[in-house]
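This report looks at charged side-chain pairs and nonpolar packing in one protein model. The sequence and structure come first.

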Amino acid sequence: MDTDTLLHGRDDEQSALRRLVDGAAASRSGLLLLQGEPGSGKSALLRYVRTYATSRDVPVVQALGAQSESEFAFAGLHQLVHPLLSHLSALPQAQADALRAALRLGPGHGDDRFLVSLGVLTLLAEAATPQGLVCLVDDAQWMDQPTVDTLLFVARRLQAEGVVLLLAQRDPGLDLLADPALPRLSLSGLGEQPAAALLADRAAAPADPAVVRELVARTHGNPLALAELGSLLDRAQLAGREALPVPLPLGAGVERAFLDWVRALPAATQTALLVAAAEELGDLTAVLAACRRLGLEPSCLDDAEQANLIAIAGPRIAFRHPVVRTAIYSGAPFTARRQAHEALAAVLHPQAGDGRRAWHMAAATVEPDEDVAAELQRTAEHAQARGGHASAAALLDRAARITPDPDTRADRLYKAARSSWQAGNATRAVELTDEAEALVRRPATLAVILRLRGIIQLRTGVLTDAERTLTRAGELMAEHAPDEAARCFLQAADAASQAGDLDRFPRLYELVGQLHGGSPVTDCTRLLLHGMERIASRDFPRGRQLLGEGIAAARALGDPMLEVWAGVGALYLGEVGQTTDLLHRVGGIARSIGHLGALPGQLEFMSLEEILSGRLDNAASLIDEGLRLSRETGQENMSAVHLSRMAMVHAVRGEDEPCRESAAAALRIATARRIGVAAGTARHALAALAMGRGRWAEAVRLLDQVVAPEAGSGHPLLAFFSVHDRIEAAVRAGQPETAREALDSMESWQAGSTRGEARALLARCRALLEPDDDRAIAQYEQALALHDGSVPLERARTELLLGDALRRARRRLDARGHLRTALDAFERLGASPWAERARHELRATGETARKKEAAPEERLTAQELRIARMAAEGAPNKEIAAQLFLSHRTVEYHLYKIFPKLGVASRTDLARLFYENPGILS
């Protein structure tokens with residue numbers, strides 16, 4: 001099809017595409033997804049871009065989706081980046097190794113999807129010339145899932161590389177391409193004027209305007225359909241002298257039109273075309289070999305080539321349009337399709353990781369066949385090792401369908417479910433686990449099936465269901481795999497904990513205690529679960545002892561799952577410094593591993609560390625990433641937790657409406673799914689917002705809901721963690737009895753604490769209820785001396801309260817020093833409401849403190865803060881890019897904007913500024 005023909009009526013689209021290409025020369029990256037029905041001109045527009053870019057010396061790489069390759073991990077990516085592999089040496093070693101493994105160009109496994117995706121981002125940035133780089137992806141709906149995931153990863157991070165990424169997909173397209181980071185342009189049908197011009201190009205004579213009007217109405221202006229009709233209709237029909245045929249080829253009708261052409265060809269040619277359609281990869285050697293096996297000569301394809309149905313170039317055979325291939329295959333009877341697949345399977349040879357032969361054998365198989373199923377499974381294992389989880393799921397699913405033995409079939413269904421979950425398809429994973437459970441007879445297989453279902457329920461379903469499922473799975477594992485059973489019980493505890501239902505903990509730590517062997521993993525798990533349960537039951541001495549032993553054991557083991565729980569255990573003790581230390585260790589592991597399914601949960605703990613450490617912008621950036629990944633992978637429960645954390649960040653900043661919106665969104669999910677930790681955190685955030693604004697009674701009401709929640713609407717840990725806020729809010733609201741009751745609880749909880757931060761908060765709360773001013777001041781001073789700096793916001797709040805007490809005692813000069821320190825800290829942390837309170841107290845001492853407002857262009861964004869901090873600490877651009885999942889050119893672009901904002905001219909100046917004032921990048 002002539003490119004210009006299908007571009008009739010696409011002037012606006014061509015103009016938009018030219019702007020994207022021109023922007024690449026100015027280091028502006030560009031993104032666009034072209035959508036439209038078959039024949040709408042998507043491919044023609046991509047060809048136009050290629051011609052335009054080439055005329056301006058902009059290099060172009062491209063990939064074409066193939067339905068047959070959609071199950072082969074990174075097949076599309078291989079097409080796209082193969083011309084750029086000479087730049088691999090410029091990538092960080094870990095990225096280069098991961099990318100080589102994914103493309104099967106080197107040893108190793110390509111299952112680290114983040115490293116592979118980051119490697120592609122870096123590779124494109126390296127390959128871009130001063131004029132830019134254009135990447136074209138056609139028929140994206142047939143791209144393999146790992147390639148789609150990688151392209152979306154790249155699309156979200158392209159900024160200043162000069163890379164233009166253009167994708168085209170048929171409607172309806174892939175749901176996963178519905179990403180807000182990817183702008184889209186829908187190609188509608190042509191109007192009468194461009195349709196008339198197109199028909200004039202293709203027809204033997206001009207068409208009557210009334211005929212054009214009818215053709216546009218009946219084809220919905222589809223350019224390909226109109227172009228084909230221009231050739232199929234005779235002069236009399238186009239001139240309106242004869243009625244147009246009914247029906248015209250619309251959608252499926254276009255396929256029928258193509259099939260009419262095919263059926264006019266000799267029978268041998270039709271059979272050869274069916275073989276080519278069944279093969280789909282365009283492997284001419286395989287097609288000809290299969291044809292010979294069916295008794296056909298190679299020359300039988302000549303008629304099809306002359307009819308312009310196919311094109312043969314070198315070792316490849318291609319259909320003129322994908323609709324032709326689809327029409328030929330779907331229009332053939334089952335027996336003919338089966339014969340074509342049998343012939344192809346017979347001529348293809350099994351190779352490591354090559355699933356073509358297995359697919360054709362499966363397509364030709366009607367009865368159960370263990371040999372074919374086993375080959376499909378081997379192919380799936382190769383796909384899994386390369387990170388092709390969606391490919392592996394499809395292969396294993398098909399293998400299970402033709403597996404004769406029920407237990408083996410159940411095992412393959414389980415593995416297909418696991419791959420589906422890893423690929424982010426939770427719904428399909430649950431369906432497959434249901435099928436597997438109905439077949440399974442081996443307890444060990446049933447245990448892993450239930451564990452997978454429980455993990456999915458933990459992230460996407462009802463938490464009480466998850467707890468029950470995971471507990472049952474652990475019980476089934478107890479005899480043959482005690483350490484795995486302990487981990488399963490810990491995941492069950494995670495479900496119960498997220499729901500705020502710690503009544504389940506006694507049964508769980510008893511089950512762990514009954515596991516034979518007494519390994520370090522089981523001992524540590526039992527100590528942590530028992531200790532948390534004792535704290536929640538207010539048996540503080542016993543709980544403190546158990547948790548102390550459990551935390552020490554987790555540190556010694558270095559197991560990430562146990563260290564996370566040790567960090568949570570430290571929160572039960574009020575030992576925030578120990579929590580941040582443990583979470584920092586786990587966060588480092590999370591960054592280095594980068595597994596997609598685990599990242600939303602890991603990012604939750606990493607963001608909590610940043611909130612506690614007062615790095616709110618860093619926390620917001622991590623929460624944004626966690627929320628996006630939660631939604632992408634269907635982990636709605638985790639999205640509620642991230643939304644509640646974001647509400648807390650907004651609360652501390654004093655961003656009223658965003659705080660309420662995030663909290664409301666979190667509560668909608670949390671209430672429906674009984675996610676107590678998210679519901680409690682959201683209400684705590686709303687209480688923190690009210691406290692910052694001086695709405696004390698409102699804060700007490702909200703904190704009452706946090707302290708005494710029903711299971712599923714709050715969390716016991718939050719009751720402890722928020723008690724100091726409840727005491728201050730009650731005192732300010734004139735509710736001393738509520739404050740004293742809360743202080744009694746805090747005294748019991750922290751009586752045995754040896755950690756500075758916990759003791760500091762206890763001293764501060766005692767001071768709030770001390771009627772004697774001098775004794776209150778002494779207790780505030782004691783609290784200030786005890787703060788260990790792990791939670792800078794709390795230290796600043798103590799400075800504020802001490803300054804306020806000194807002012808009321810008429811010691812104004814003493815008060816000013818503490819109030820200035822508090823104000824500086826609040827402004828550095830971005831805690832605007834608290835800064836305003838400190839400013840108000842300073843004015844009451846007779847000193848005026850001007851509000852420090854950075855001009856909008858001088859403020860660093862969350863991402864700029866993270867880049868500036870890492871650069872100040874000496875990290876090179878490529879390391880920063882690897883840590884933040886960006887290209888090094890984007891890092892360079894951000895530093896170019898950061899330097900003038902901070903008044904520095906170089907990295908050396910930035911490092912000196914950070915050394916002299918570490919808080920400037922907090």
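## Salt bridges in the predicted model

A salt bridge here is a side-chain nitrogen of Lys or Arg within 4 Å of a carboxyl oxygen of Asp or Glu. The model is predicted, and side-chain atom pairs count only at pLDDT 80 or more. Across the whole structure, a search finds 52 salt bridges.

E657 and R660 form a salt bridge through their side chains, with an N to O distance of 3.9 Å. Helix α33 (residues 656–673) holds both E657 and R660, which sit three residues apart, about one turn of the helix. E657 is partly exposed at 46% relative accessibility, and R660 is partly exposed at 36%.

Is D397 buried or exposed? With a relative accessibility of 15%, D397 counts as buried. R428, with a relative accessible area of 23%, is partly exposed.

R766 and E747 make a salt bridge of 2.8 Å, N to O. R766 is in helix α39 (residues 756–768) and E747 is in helix α38 (residues 736–750), so the contact ties together parts that are 19 residues apart in sequence. R766 is partly exposed at 31% relative accessibility, and E747 is partly exposed with a relative accessible area of 26%.

## A salt-bridge network

Some salt bridges share partners. Which residues are joined into one network in this way? The network consists of D725, E728, R764, E794, R797 and R837.

## Nonpolar cores

The largest nonpolar core contains 161 residues, of which L529, I675, I727 and F826 touch the most other members. Helix α34 (residues 676–692) supplies the largest share of this core, eleven residues.

Leaving aside residues up to four places away in sequence, F826 touches L793, A796, R797, L800, A831, W834, A835 and A838.

How many residues make up the second core? This separate core has 48 residues, including L99, L124, L151 and V154.

Conventions. Residues are numbered from 1 along each chain as its sequence is written. This is a predicted model: local features need pLDDT of at least 70, side-chain atom pairs count only at pLDDT 80 or more; totals for chains, interfaces and linings use all residues. Side-chain values use heavy atoms; hydrogens and water are left out. Buried means under 20% relative accessible area, exposed over 50%, partly exposed in between (1.4 Å probe, protein chains only). Helices (H or I, at least four residues) and strands (E, at least two) are DSSP runs, numbered from the N terminus. A nonpolar core is a set of buried Ala, Val, Leu, Ile, Met, Phe, Trp, Tyr and Cys residues joined through side-chain atoms within 4.5 Å. Contact means heavy atoms within 4.5 Å.
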